[in-house]
Amino acid sequence: MQCPKCHAPMHTYNRNGVQIEQCSGCRGIFLDYGELEALTRLESQWSQPAPPPPAAPQAYPAAPAAPAWGAPQHGGHHGGHYGHHQRHKSFGHMLFSS
Amino acid sequence: MTATALLAELTTRAKVTAHARTTSCVCGTSTLADRPDATVVRHADTVAKAHAPSTPLAELTPRLAAAGRLPGILLPPLAPTPAALHGRLVTFWPYGTPVDPQNPDAAPWEEAATLLARLHRTPAGPDLPPMRGPAKAAQAVDRLRAAPPHPATRPVLDAWATLPAWARAEAPMPDTRTLCHGDLHLGQLVRHPAPDGPWLLIDVDDLGTGVPAWDLARPAAWYACGLLPPDEWTRFLDAYRAAGGPAVPPEGDPWPALDVPARALTVQTAARSLTKALAAGRPLDEVEQSLVDACARMGSAPPELTGTFAK
C-alpha cells in the first residue's frame, strides 16, 4: 500500500489488536473503518481501571503535612531553602547544635 | 579554676582513664568541645566531659545510670557515677564516631528515629528528673530578653508567649512518665564501637521524663521552616512510626502532637540565632531569618489544642 499523500510505501503495525498503517516517508497514519473507534475504546479501558489521577505530577510528590505557621513553600511550591542542592552553611551548623 | 586549667586537668584525667583501659595507647588528645556549658576532651578511645558548672549531682547521677541501663540505645558510660573535678562534675565515655558535619546528607535519620522510638518505649525507671527541653528553650528566650533589642526580637518573644505554660517550663509537662532524650540533633549520635558500630544516642544532660514529641520537634521545626527537605523529614517520621514510637499517632496527621514542641524549638533556635548575631554584630542570615519569619506567622495561627497524643 502506498501513502495517499506522499506515495511512499506504508507499513502495517499491530497495536493492541488494531491494524495501523504508517507511511515510511511522511510518518502519516492510515486507519481503516472502525479502527479509530477501536483505539478510542482501548484508550478508555486504559484510563478506567486506573485510580483517581494523582494530585500532582510524579516528579513532584505531595509534600508531607506541615503546620499553618510553616514556610510558604508547603503550599505546593517546592522552592524554599531546601530547594537548593547545597545546604546552607548556617543550616549545616544548626543540624548539629543545641 | 580558670577554663584553661580545667581543660588541662580534664585532659590529664582522660589520658589516665584511657591508659587504664588499654596496655598500648597510641597517645593523642584532642578537644572535642570547649563551651561555657561543657568541656569535652578525647584521649584515644576515651572521652571525658566536664558538665555545666551548675549541674546538680542528684540529677546527673540518675541520668548517667539510665545510660548504663540502656545499651543499644544510649552510649553507656565508663563509670556509673560522676567524678568531681574542681567544682565541675566529670563523666567518662568510650569514644564513638560522630556524624560527619561536612556531610549532613549522610545523616542517619532512620537510625535516629528508631533509637528515639525505642527510648520512648522504655520504662523511665525511678528517680529520673524531668527532661530539660522546655527549660533549655526558656533559657534561650531569657538570653534573648537580656540582649540589646532588635526588630526580630518582638516576633520571637510574641511566639513564645502563645505557648502553653508547660512548653515554657512554667508548669509540669503533661507527660511525666515517658523517657525522653531532651536535646536531639545530629551531634547527639555516634557509632560505637568506632568507626562503624551501631548508632547510639549520646549526651544525658537533658535526659528525663516528659513529652516525647519534644525529641521529634527539632527536625519537625526544621521541616516546617522550609530548611529540612520533605524527603528527609518523611524518612525520619516514617522510621519513628515503624519502630512503634508513641509520640505521634501511628498514622494520619502528626502535627496535633508535634505543633507545640516544634513551635518551642523554632522559638528556641530563633532566639539563639538572634542572640549570637547580636553579639557578633552581624545581620541574620537567610536561614536564621526563616526561623524568625516562622515565629511571626505563629502569632496568627494559635497552637493546636492537642499538645500530646493520647496513648
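A strand here is a DSSP run of E of at least two residues, numbered from the N terminus. Two strands pair if DSSP finds at least two bridges between them.

I noted that this is a predicted model, in which local features need pLDDT of at least 70, side-chain atom pairs count only at pLDDT 80 or more, and totals for chains, interfaces and linings use all residues. Residues are numbered from 1 along each chain as its sequence is written, and chains are lettered from A and ligands numbered from 1 in the order in which they are written.

S6(B) and S8 (residues 189-191) of chain B are antiparallel and share two bridges. Thr97(B) faces Arg191(B) of S8(B).

Next I looked up peptide bonds. The bond joining His192(B) and Pro193(B) is cis, with omega about 0°. The bond from Ala194(B) to Pro195(B) is also cis, with omega near 0°. I found Pro193(B) in the loop between S8 and S9 of chain B, and Pro195(B) in the loop between S8 and S9 of chain B.

Last came phi. Most residues other than glycine have a negative phi. His7(A), not a glycine, has a positive phi of about 70°, and lies in the segment before S1 (10-15) of chain A. Asp203(B) has a positive phi near 75°, and sits in the loop between S9 and S10 (208-209) of chain B.

Are these two residues buried or exposed? A residue is buried if 20 or more other C-beta atoms, placed from the backbone, lie within 10 Å of its own, exposed if 12 or fewer, and partly exposed in between. His7(A) counts as exposed because it has 11 such neighbours. Asp203(B) counts as buried because it has 24.

Definitions and conventions: Helix = DSSP H or I, 4+ residues; strand = E, 2+ residues; numbered from the N terminus.
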